[in-house]
Amino acid sequence: TGKLLLNLMDHTEVVRDLTFAPDGSLILVSASRDKTLRVWDLKDDGNMMKVLRGHPNWVYGCAFSPDSSILCSVGASKAVFLWDMDKYSMLRKLEGHHNDVVACEFSPDGALLATASYDTRVYVWDPHIGVILREFGHLFPPPTPIFAGGANDRWVRSVCFSHDGLHVASLADDKMVRFWRIDEEYPVQVAPLNNGLCCTFSTDGSVLAAGQDGSVYFWASPRQVCSLQHLCRLAIRRVMPTSLVRNLPLPCKVLEFLCYQI
């Protein structure tokens, strides 16, 4: 109908990102330059349920895990925070980036978290134990921390996971969009894009959409038939965090595979 349903007014600065809980609860989280995240219940006339505080500076983005139990938020001052959305408390802070972190997204099974930063890197984390599993660099050789923290032409602006859980796309200021496999060090495909700002995969993963100043571009993304092993890993990791997987009575190599360590 085009009718305005709710106007959520509480932030004191620009709102940079919004994300709905995937479980259909109509819980909405907003990220703002006022250094806070706010949790809204749209089933309760947009009532603000909670304010999440902890960021020392602007909050750039936020993303729910697929089961809605964890929220990741990223921002200035190298910040990557994980929040327990049952208790509305901070789980842990992930440390490793050397500049502002501007985008984040969980893998479809919730076992991995990708973060993009102005330090020219995309990190893929195990969010359950706070360990970096992969590093996708956009500048070679990688800059030292002192240079990664400054201005350069390789700032990474956006990152997103494909629906198959095997591919990640990233946009950087070097006028390129890159397609990565989570088990390979270098991009599997590269395409030109000026002034790219944000990107997202279609639901089936066949198309990547990327936004820039005034336009949206679309690419047919690299496709690959998932192995039976990977499909089994997705099924297991959807319901089991890393701590439980490690306790399974399985050979070490199988456990490493299930934990995305190989």
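1. Basis of the model. Because the structure is predicted, local features need pLDDT of at least 70 and side-chain atom pairs count only at pLDDT 80 or more, while totals for chains, interfaces and linings use all residues. Residues are numbered from 1 along each chain as its sequence is written, and side-chain values use heavy atoms, with hydrogens and water left out.

2. Secondary structure and overall form. The protein chain contains 19 strands and four helices; these are DSSP runs numbered from the N terminus, with helices (H or I) of at least four residues and strands (E) of at least two. Its radius of gyration is 18 Å, close to the 18 Å that the globule rule gives for 262 residues, so the chain is as compact as a globular protein of that length. The radius is taken over C-alpha atoms, and the rule is 2.2 Å times the number of residues to the power 0.38. Along the principal axes, the C-alpha trace spans about 50 × 45 × 40 Å.

3. Among contacts (heavy atoms within 4.5 Å) between residues at least 6 apart in sequence, 41% join residues at least 24 apart.

4. The chain exposes about 12900 Å², of which carbon and sulfur atoms supply 55%; the areas come from the Shrake-Rupley method with a 1.4 Å probe.

5. Domains. An automatic or database assignment divides the chain into domain 1 (15–224) and domain 2 (225–261). Their centres, taken over C-alpha atoms, are separated by 23 Å. The contact between them takes 14 residues from domain 1 and 13 residues from domain 2.

6. Most residues other than glycine have a negative phi. Lys35, although not a glycine, has a positive phi of about 75 degrees. Lys35 is in the loop between β2 (27–32) and β3 (36–41) and is partly exposed, at 39% relative accessibility. Ser68, also not a glycine, has a positive phi of about 70 degrees. Ser68 lies in the loop between β5 (59–64) and β6 (70–75) and is buried, with a relative accessible area of 8%.

Key
Buried < 20%, exposed > 50% of the residue type's maximum accessible area, 1.4 Å probe, protein only.
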